[in-house]
Structures are given as structure tokens and as C-alpha cells.
Amino acid sequence: MKIENLNYFSYFCSMLINESTWQFIRKHANDDVRKLALQGSKEADVDLPMALQQIAGRQTARKKLPTWSAVEGIVYPPHLNMEQCSSEQTARYKQQLVERLLTGEHKVIATDQSDGGHKGTFIDLTGGFGVDFYFMSQGFKERIYVEQNAELCALVKHNFALLNHPCAIHCLDTVTFLSTLEGQADVIYLDPARRNEHGGRTYGIEDCSPNVLELLPVLLKSARFIVIKLSPMLDWRKAVNDLKHVAEVHIVSVGNECKELLLVLNHEQTERPLITCVNDESTFRVVPSTDTNLVLTSHEVQEGTSSAMNYLYEPNASIMKAGCFAEVEQQYAAVRQLSANSHLFTSAVEIDDFPGRRFQILSISSINKQELKSALQTIERANIAVRNFPLTVEQLRKKLKLKDGGDIYLFATTTSKSDHKLFICRKIG
């Protein structure tokens, strides 16, 4: 591994954690960190703050990074870095994405069967704790990690030796490293910091560090593909319009919670990027046709008949973020939107592979007091959601006098005829 200021890093790594502190960490690996902080340690040579950091990091890694947590001796960073780093699940998705760029329809890099890897170069310009780098660079012959934080570089040097993941490590800022880069990499990855100098969150591309918009010309010269991870709060349409060279948009959710927005850039300019919506094992792709506008919007549909309303569907978080509701209807011909603004779908027959939650409709009621009383007479508790409806969940729950929970789901929405309806359902998937 190549590291700037090698003597400093060797000294830093040797001083990370002493043996007494390691023993304390192993002994209290499953204990409550807050209680340990109050109890302290009777041994003077135990670095308690470091021990607590490692115990908390290990406990987080068991769920977030199971592969790393199984390796004894991995050193974990402070809480903020653990919070910000990718999970193993999302990192493996990015690994698959890069593999497809290398060997899929793009075929920019030939595989080298002699050593089981690719004849390619992968560069992570914002290495951080190294989770994304570790997984995404697996198939590359040359792996380059760049990070300006000296302590994180030291952790990566230590951890990657344990993980048997050789690479070149450069403790430099992004701009400085790019100014020294010779030749062209195959893939460059960036995860720009989304906090300002005061620690507040930022969401715009131009507000992140490094500023990808400013770096774009040199990035396009430096790699065949650029993969950028951005905040899921960002408007992907604006990002596509700002960057111009976006070939693919990936919206990644875990457990129906939107986690990452990934953009793949290349040298071509396109107005119709491939859009991929991922939620755990579910994948929904939209390849816009030549007569489809970039801004994907749903179209108004007539309210279905009662025979067409046996099942109700709620798209997953990634599709909700993408806003490609009309495209869902196009791919799943049996479903119909309730209205352009409800983001709910119905069908006469069950669609097993619908990319979202599936419900059986038990009954449909208006908001008329007497009709509601009849529809809800045997229901004491329910899970309530509102979609394009004049009341909040709290207001509706108070009106209906229902407790939270149970196996009944109520969806209050407004149909294309501007009627307020309550769909009483049971979850089936």
C-alpha cells in the first residue's frame, strides 16, 4: 500500500489500541455502552473513550457490516462515520452495479481469467471508512483509495490488511489527487460530504464537498464511468439536468426506506437515463422511450369499477421517489391508478410481483358518518395512511376513534372524481 507520510501512519496505527483496551473491548462486547461509560474502568491503562467507540462500532457492524464484524481486530471510527458509511447491503448493490458496467452491455473492460480479476482501475475519491471502496473495488486489478482525513486513512490501512484487500492509499483531498492523476481510470466513485462547515446537512450538489459540478470536466477526462452517491433527499431530475452526462439513475431503498441516490455518468449526454428503483430484492427498471419526457408523471385515470378493485397496491419507497407511476401502470397492465395524485393502484386480480406492498380490499367506504359506522363496526384498531386526503393521519384516527396497530390497514384517499374514499384492507405482501 502507498500512503503519504508513511512514518506518521505507521506510528499512528501502532498506537491505535493497546492490549488492555482490547481485552476490555472483548469482555464488554455485548454490554450497554451508556452504562459502561458511567461505570468506567478500574484499569488505568484502558483507553475508555476508544474502548466505548469500538464496542459501539462492533455492535452497529453486526447488523450493518456483517462481513467486517466477523473479522477480529477491525477498528471502527467514531459514531458519525459509522452512521454515514454505507451498509453492506447497499455496498454490495454498488458492487453489482460496477460489475455490470465492467462486463455487461457496456463491456469497457475485458476480464483477466489468469488472476480472476479485471484489467481495470477503480478510484474512490472520497474513501471514508472504506466500506463502499472495499466492495466496489473487488473485481479490479488496480484499486486506489483517496481520503483527506488522516485518521480514516490509518484505519483503512489497518483494516484492509486484516481483510486481505491490497490497495494504494493516498491521504489527499480530491482536487489535489486529480491534479496528479495520470492516464484514465475505468471507474471513479465519489460520495461527497453532505455537511457544511457548521455540521448542518446539505442536499444540493453544489453545496456538497467536493463540488461535483465544478469537478465534472476533469472527472470526465479521468474516467470512463463516474458513479456518484448523493442524498436521497435530492431531486434526481434536477441532478440529471445539472450534470448532463447521467446515463443511469439508481434509487436504492432498504426495508422500504430510501437510502441512496446513485448517478452513473459517462462521456455521452442524454436526456433519458435508465432509471432503476431498488428495494431489497425487488428491482423495477424504466427505459424511457423516445417519446417519453424526462420528467415522469402519472396520468389521470377514471375511477375503476368495484369489480376492478379487489386488490390495492402501494409502490415501494424507491418508486415513490422516482415518481414513475405512469410507467408502473404501463409495465403492469392489470393495475390502474386511483388518481394522478394518490400514488395508489388497484386491480381485479392479484399481481404477485408488484414492486411494493400488496393488500386485499375488504370494503370501500365513503366518509359519510353512517357508512363509516357500518364499515368499521367490527374494527377496533387499524394502521392508517392518507394519500391526497384533506385530513392527517392523527385527525382521521381521532375522527374514526380507532386504536393504532392490528392487521387491518386503512387508506384514505381522493379518487379521480374528487370523491373521498376509505379503503379497508388486509396486507398480503
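Q: Two strands pair if DSSP finds at least two bridges between them. By that rule, what makes strands S5 and S6 a pair?

A: This is a predicted model, and in it five bridges join S5 (residues 185-190) to S6 (residues 223-230). The rule asks for at least two, so S5 and S6 pair. The two strands run parallel. One of the bridges links Ile-188 to Ile-226 in S6.

Q: What makes S5 count as mostly covered?

A: Six of its six residues are buried. Buried means under 20% relative accessible area.

Q: Which residues does Val-187 touch, leaving aside its neighbours within four places in sequence?

A: Its contacts are Val-98, Leu-102, Thr-121, Phe-122, Ile-123, Phe-140, Ala-223, Phe-225 and Val-227. Val-187 and Val-227 are also among the residues with the most contacts inside the largest nonpolar core, which has 52 residues. Trp-68, Phe-129, Val-131 and Phe-160 complete that group. A second, separate core has 47 residues, including Ile-205, Leu-230, Tyr-313 and Val-335.

Q: Why is Arg-100 called buried?

A: Its relative accessibility is 19%. The cut-off is under 20%, so Arg-100 counts as buried. Arg-100 sits in helix H7.

Q: How do you know that the side chains of Arg-100 and Glu-248 make a polar contact?

A: The contact between the two side chains is 2.4 Å. The limit is 3.5 Å, so the pair qualifies on distance.

Q: How do you know whether the span of helix H4 agrees or disagrees with expectation?

A: H4 covers residues 48-64, which is 17 residues. At 1.5 Å a residue, the helix should span 24 Å. Its end C-alpha atoms are 24 Å apart, so the two values agree.

Q: What caps the N-terminal end of H4?

A: Asp-47 does. One of its side-chain oxygens lies 3.3 Å from the backbone nitrogen of Met-50. That is inside the 3.5 Å limit for a polar contact.

Q: Which residues of H4 are buried, and what covers them?

A: The buried ones are Leu-48, Met-50, Ala-51, Leu-52, Gln-54, Ile-55, Gly-57, Arg-58, Ala-61 and Lys-64. Their cover includes helices H2 (19-27), H3 (33-39), H5 (66-69), H6 (79-84) and H7 (88-103).

Terms used
Residues numbered from 1 in each chain as written. Predicted model: local features only at pLDDT ≥ 70, side-chain atom pairs only at ≥ 80, totals over all residues. Heavy atoms only, no water. Helix = DSSP H or I, 4+ residues; strand = E, 2+ residues; numbered from the N terminus. Expected span 1.5 Å × (residues − 1). Buried < 20%, exposed > 50% of the residue type's maximum accessible area, 1.4 Å probe, protein only. Contact = heavy atoms within 4.5 Å. Polar contact = N/O pair within 3.5 Å; in protein donor to acceptor, adjacent residues only side chain to side chain. Core = buried A, V, L, I, M, F, W, Y, C linked by side-chain atoms within 4.5 Å.
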